Amino acid sequence: MSGVPELVTLHVWRIGRAALPGALARMATHPARLRRTTGVRFGKLLGTGTGTGFGPGDADLTRWAALAVWDRAADAAGFDASPVGRSWARVARSSVRVDLRPLTSRGEWSGRRPFGEPSGGRVAGPVLALTRARLRARRAATFWRAVPALAAALHAAPGLLARFGVGEAPLGWQGTVSVWRDPADLVAFAYRHPEHRAAIARTPTEGWYAEELFARFEVRDVVGDRAVLGWVADGDAATAKDGRA
C-alpha cells in the first residue's frame, strides 16, 4: 500500500445492552464485508474501552467502531448505505462519524501502512491521535503494569476533548484514540508529560510490541452525536465522561 489516502473515517456506534449479541455477531462477520466496501483500501472493526484504563478490564460493550481508509472522499459518502453501515444503524441508539486527514504516521498495522507516508501540514483546529499495537505475549504483564499511570496522566491532560481504547480482540491487540483541542496540546502531552515520556523511553528496551503504529490526523468534520466519543465541549479533561448508556 502506498500513497496518502484522500480520507480516513472513524465510525462509532452506541448500542443498548440488549443488542450486544447482535454486535458480537457483526464483529465476527463484518470485517470482510467492510474490506469489500466500494472504495475502502483498508478497514478494521474495533471494540472499544472507556478510556479510564486502556486495559482488558476497560472494555465498553455498548460502543463499537469501524475505521475505514478511502482513496476517494466520494466513496466514503456511501458508507451509511453500505451493508456494514446499514447493519450497524439497525442496532445503534446513537452514532458519530469523524472525518480525518492523515498528518503523520509511522509503523504498520497487519503488516501494512494504511495511511501512507503523510508529510504533515498546518492545522488550526482539533487533531486525533491513534495508537495501535500487537503485544508480545511474554511482555504483556509488564505492559499492563505500566498502563494505569499513563491512563491517569492522559485523563488530566489539558486540551483533551475525548479518549477511549480500541482493540481488534480482548487481549493482545490494543490501541487508543484521543482527540485534542489543537496540535500544541497533543505535543505538550506526548513529549513533555513525564509519564508519557517515560513510557516512550521504555518501549524499545521492554520490547512490548510485535507490531505498532502511531498516527495523527486533522479532524475535518464530526457528524452525529459527539457524546458517543465522550467529547468534552470545552476541552477540560477533568470533566470528561466515558458516555456510556
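Q: What is the relative accessibility of serine 110?
A: The model is predicted: local features need pLDDT of at least 70, side-chain atom pairs count only at pLDDT 80 or more, and totals for chains, interfaces and linings use all residues. Residues are numbered from 1 along each chain as its sequence is written, and side-chain values use heavy atoms, with hydrogens and water left out. Buried means under 20% relative accessible area, exposed over 50%, and partly exposed in between (1.4 Å probe, protein chains only). Serine 110 counts as partly exposed, because its relative accessibility is 39%.

Q: What is the phi of serine 110?
A: Serine 110 is placed in the loop between strand 4 and strand 5; helices (H or I, at least four residues) and strands (E, at least two) are DSSP runs, numbered from the N terminus. Although serine 110 is not a glycine, its phi is positive, at about 55°.

Q: How wide is the arc that the buried residues of helix 3 cover around the axis?
A: The buried residues of helix 3 (residues 83-91) are Val84, Gly85, Ser87, Trp88 and Val91. The arc is taken from the directions from the helix axis to the C-beta atoms. These residues lie on the same side of helix 3 because they cover an arc of only 165°.

Q: Which residues are exposed on the other side of helix 3?
A: The buried residues of helix 3 pack against strand 1 (7-15), helix 1 (20-36), strand 2 (40-49), strand 3 (59-70) and strand 4 (92-107), where contact means heavy atoms within 4.5 Å. On the other side of helix 3, the exposed residues are Ala89 and Arg90.

Q: How many residues apart are tryptophan 13 and tryptophan 88?
A: The structure holds 4 aromatic pairs; rings of Phe, Tyr and Trp (its six-membered ring) pair if their centres lie within 6.5 Å, and planes under 30 degrees apart count as stacked, over 60 as edge-to-face and the rest as tilted. One of these pairs is stacked, formed by tryptophan 13 and tryptophan 88 at 4.8 Å centre to centre with 15° between the planes. The pair links distant parts of the chain, with tryptophan 13 in strand 1 and tryptophan 88 in helix 3, at a separation of 75 residues.

Q: What is the angle between the planes of phenylalanine 115 and phenylalanine 217?
A: Phenylalanine 115 is buried, with a relative accessible area of 0%, and phenylalanine 217 counts as buried at 1% relative accessibility. Their rings form an edge-to-face pair, 4.9 Å centre to centre, and the angle between the planes is 90°.

Q: Over the ring of which residue does the charged end of arginine 226 sit?
A: A charge sits over a ring if NZ of Lys or CZ of Arg is within 6 Å of the ring centre and within 35 degrees of the ring normal. Arginine 63 lies over the face of phenylalanine 164, at 4.6 Å from the ring centre. For arginine 226, the ring lies 4.6 Å away, centre to charged end, and belongs to tryptophan 231.

Q: Which residue in strand 6 stands opposite glycine 47?
A: Strand 6 (residues 160-167) has 8 of its 8 residues buried, so the rest of the structure largely encloses it. Strand 2 and strand 6 run antiparallel and are joined by 2 bridges, and two strands pair if DSSP finds at least two bridges between them. Opposite glycine 47 stands glycine 167.

Q: Which element has the lowest mean pLDDT?
A: The mean pLDDT of the protein is 81, and 72% of its residues reach 70 or more; pLDDT is the predictor's confidence in each residue, from 0 to 100. Where pLDDT is low, the predicted coordinates should not be read in detail. Among the elements, strand 1 has the highest mean pLDDT (98), and the lowest (47) belongs to helix 6.
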